[in-house]
Structure formats: structure tokens, C-alpha cells
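This report covers cavities, pockets, sheet pairing, aromatic pairs and nonpolar cores. Please look at the structure first.

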Amino acid sequence: MSDQTQAQSPSYRPLPDRVVVVGAGMAGVQTAVALREQGFPGTVVLIGAEPHQPYDRPPLSKAVLLGKAEGSAFDVDFEALDIDLRLGSEALGVRPGDHELDTAVGPVPYDVLVVATGAEPIRLPGAEGVPGVHLLRTLDDAERLRPVLARQHDIVVVGAGWIGAEFATAAREAGCAVTVVEAADRPLAGALPAEVAAPMAAWYADSGATLRTGARVERIEPGAVVLDDGSRVPADAVVVGIGARPATAWIAGSGIELGAHREILADDHLRTSLPDVYAVGDCASFPSGRYEERLLVHHWDNALQGPRTVALNIVGQTPAAYDPVPYFWSEQFGRFVQYVGHHAPGDTLLWRGDPAGASWSVCWLREDRLVALLAVGRPRDLAQGRRLIEAGAAMDPELLADPSRPLKGATA
């Protein structure tokens, strides 16, 4: 097709000259790389708020924290890919009328903007600026915590979610005395139903950590955490892990539509409400046809998969709607925990194996379809379950509940 014919075609959309990606975590880096992999010839600018080379976050709560690795920088040659990497440049706002991104070091023009600023930790009210109180989200956070673990301090972890459990695991491995305080009546209350989370509570004691549920923090004093029942928990250091929220405060007033959790409301191709602006990763939700609801997924795999959809859109291809099967994993207390899919309160729950044992799984069925699976030490269940969820396969509940039967052999 000649250039003139292309220009007259109603479906023809010229390639942008300049794509700016804001956020240099997994989602941002993968978007920049995917653009080059898809043959995008124009300028790609990748902007990160931190001064460090872009790095992966999961090792922060494991190898980096324990001093087994100095960092977790991505193995990406930005110079060879002709990606203009700009670090230490915090995003401050978007002016869509001018097609400009405002940053701490000045405005950056864009033809297409990709927002990949991720999520930020929720802070414990009243604890900000208190000596000895830590978060674990960035490389700097992990480096500040390394000497705390090395000195084998008494540590209080606030929050028994995924990050709290992973940090408690690392702290016990380092020889620290660990108490985890959780406001809910069980660990992982926001992620799993009570009957599934219940056996996980025993893991804390097995590892030598103390878990206190139904325990709200009243205040933090030098050397102690004071709970709302008046009790005091000794604490040389406090690590707060009570969740994360999309890092979107900086786009206020831009016209980018946000949801109830302050996440960017992307469509099924990860486009935002503004023309020429996409959003990907932890900062954005998307409508899932598979689950018939909007999903906000704060996990590594989502930040890995979404960038390909964004890149295909930018280079002018029309990819399939973005509708992944969510997946994540967690290493805690000597166990490898994996979860795939998405479950709702009304879904039918089936056990595979004894939750008091070393390995077991939980399946969720919607009518007869497998929609989610949690696997503890059963990676084969996870791998087969993921394929069955993707295929929308009908399952036989009786066969599914037999842990000796491979999942793929439990279809209806």
C-alpha cells in the first residue's frame, strides 16, 4: 500500500514519533522493551522517580533484604535498545491539552503517554516520621532494613498480608524475634476466605514468629508498639505492611478517570479516558470479560503481561482484549504459595489434600468452571489449573476433590 493510499484509509493511524513511559518498574520497563520488540522506530523515553537503575521488586523481601544480593536490576540494555532512560525524575502532572508530562526536572512532551507508576504502600496513621518505623517497597527501604535484620532486633510487623508474611519469614531466617500484629481475625483476610486462611495461621508459630490477630495499633512509642487493648509489644523496629494503593495522586486534575480505589480506569485495551494515554500495571484496573467485573491486580505477572497489549496498540495493531488469568506467588515460612485466577464470595470452594499437611490446594468453581486455584507446594496443580481456567473447561467436582488425580483428569 502506498503512503498516499494509507493516508486516505479510514483505518490508517500514523505511528507516533515519541512515546513517553512514566514509571520505571516492571510495567514501565516491559512497555519500553515491548515497543522495540514490536518494531516501533520512534523515540522512547522511560522516566523513573528513583535514582537507581530500574529493578525488580520481588527480590527485595528475600535475597536483597537478607544481603544475599546487592540489588535486582533488570537485565535490559537500555542504550542498545535506544531507550532514553531518565532517572531521578518524579512525575508531577499531565497536561493533555499540551501533550506534556510535568516532572521534577521540567516538562516532557509526548505523542503517546503510558502511565506505569505502580502502587505505593499505605502508611500507618501516626507512624510517619517515627524513628524505627519502616516500609518495604523500594530498594532504599530494603537497604535500610538490612542492618536491622543483621543486628537480630526484636521486630514487630504490622499486617499479616502477603508482604508481612514474606518479611516475617526473612526476619526469622535472620534470627530476629518477630511479632506480627493483624487487625483482622486472620492472616490474608483481604485475599482469602476464613477457612482457607485458617491453616496458614499455624505457619507463623511453626517458624517461631508470634501472630496476634484482632490487634489494632494504638500508637508506636520508642521501643514498643502499643495495641488498642493497652498491651505493649517490644519493638526495636517496626515494619508496616498493611497494603498498597495505586500511585495516582500526581495525575489529579488531568482528566484521567479514576475508580473507587484511585486507580486509573483503563478499557479492555488499556487505554485511559484521555486520548493518547494508556495505563498499565498496578496503577490501573481493566474490565475482565472472563470474570465479568473490573479487576485491579497488584501483582508482578500483570505488570509483565499488560505491556504487550499497550505496545501493540501503539504500533497500530489491534490486539485481543486484555483479559489475563491473574497469577502470583509468595514464598513464606518454607512454603511456596501460588494463586491463579479470581474468585468471588459466591463461588464453590473445594479442597484438594489436607491443609494441615505440607502440600494442598483449594479450587473455586463457578457453576462447573474452574475460576481460581490456590496451591501450597503443588506446582503441578497450579500449572494445570491455569490452563483449565484459560480454556474455561467444565470440571467434575468429585474428581477435582481427589488430590491423587491430576487436575487435567478431573474435567467433566
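## Cavity

In this predicted model, the largest cavity is lined by Leu 270, Ala 279, Val 280, Gly 281, Ala 284, Phe 286, Asn 302, Gly 306 and Tyr 322. Its volume is about 30 Å³, and the structure holds one cavity of 30 Å³ or more.

Two elements, strand S20 (284-288) and helix H6 (300-314), each contribute at least two residues to the lining of the largest cavity. Sorted by class, that lining consists of six nonpolar and three polar residues, with no charged ones.

## Second largest pocket

The second largest pocket has a volume of about 190 Å³. Its lining comprises 14 residues, and those nearest the centre are Lys 62, Thr 169, Ala 170, Glu 173 and Glu 331. By class, the lining of this pocket divides into six charged, four polar and four nonpolar residues.

Helix H4 (162-173) and strand S22 each provide at least two lining residues of the second largest pocket. The largest share comes from H4, with four residues.

Strands of a sheet pair through backbone hydrogen bonds, in either the parallel or the antiparallel sense. Here, five strands form an open sheet in the order S9-S16-S10-S11-S12, and the pairing is parallel. Strand S9 (133-134) and strand S12 (210-213) are the edge strands, each pairing on one side only.

Within the sheet, strand S10 (residues 154-158) pairs with strand S16 (residues 237-240) in the parallel sense over four bridges. Val 158 has Val 240 in S16 as its bridge partner.

## Aromatic pairs

A pair of aromatic rings is described by the distance of the centres and the angle of the planes. The count for this model comes to eight aromatic pairs. One of the pairs is Tyr 204 with Phe 333, which is tilted, at 4.6 Å centre to centre and 55° between the planes. This pair links distant parts of the chain: Tyr 204 belongs to helix H5 (residues 194-207), while Phe 333 is in the loop between strand S22 (327-332) and strand S23 (335-341), 129 residues away. Tyr 204 counts as buried because its relative accessibility is 2%, and Phe 333 counts as buried because its relative accessibility is 9%.

Why does the pair of Tyr 327 and Trp 329 count as stacked? The planes of the two rings stand at 25°, so the pair is stacked, with the ring centres 6.2 Å apart; the cut-off for stacking is under 30 degrees. Tyr 327 is buried, with a relative accessible area of 12%, whereas Trp 329 has 24% relative accessibility and therefore counts as partly exposed. The limit for buried is under 20%.

One aromatic cluster is made up of Trp 162, Phe 328, Tyr 339 and Trp 364.

## Nonpolar cores

The largest nonpolar core contains 114 residues. Which of them touch the most other members? They are Leu 101, Ile 155, Phe 167, Trp 364 and Leu 374. Trp 364 is also part of the aromatic cluster with Trp 162, Phe 328 and Tyr 339.

How values were computed: Residues numbered from 1 in each chain as written. Predicted model: local features only at pLDDT ≥ 70, side-chain atom pairs only at ≥ 80, totals over all residues. Heavy atoms only, no water. Pairing = 2+ DSSP bridges. 1 Å grid on protein atoms, 1.4 Å probe; cavity = no way out; pocket = protein on both sides within 12 Å on 5 of 7 lines; lining within 4 Å. Points joined across faces, edges and corners; volume = space filled by probe spheres on them. Nonpolar A, V, L, I, M, F, W, Y, C, P; charged D, E, K, R; others polar. Phe/Tyr/Trp six-rings, centres within 6.5 Å; stacked < 30°, edge-to-face > 60°. Buried < 20%, exposed > 50% of the residue type's maximum accessible area, 1.4 Å probe, protein only. Core = buried A, V, L, I, M, F, W, Y, C linked by side-chain atoms within 4.5 Å.
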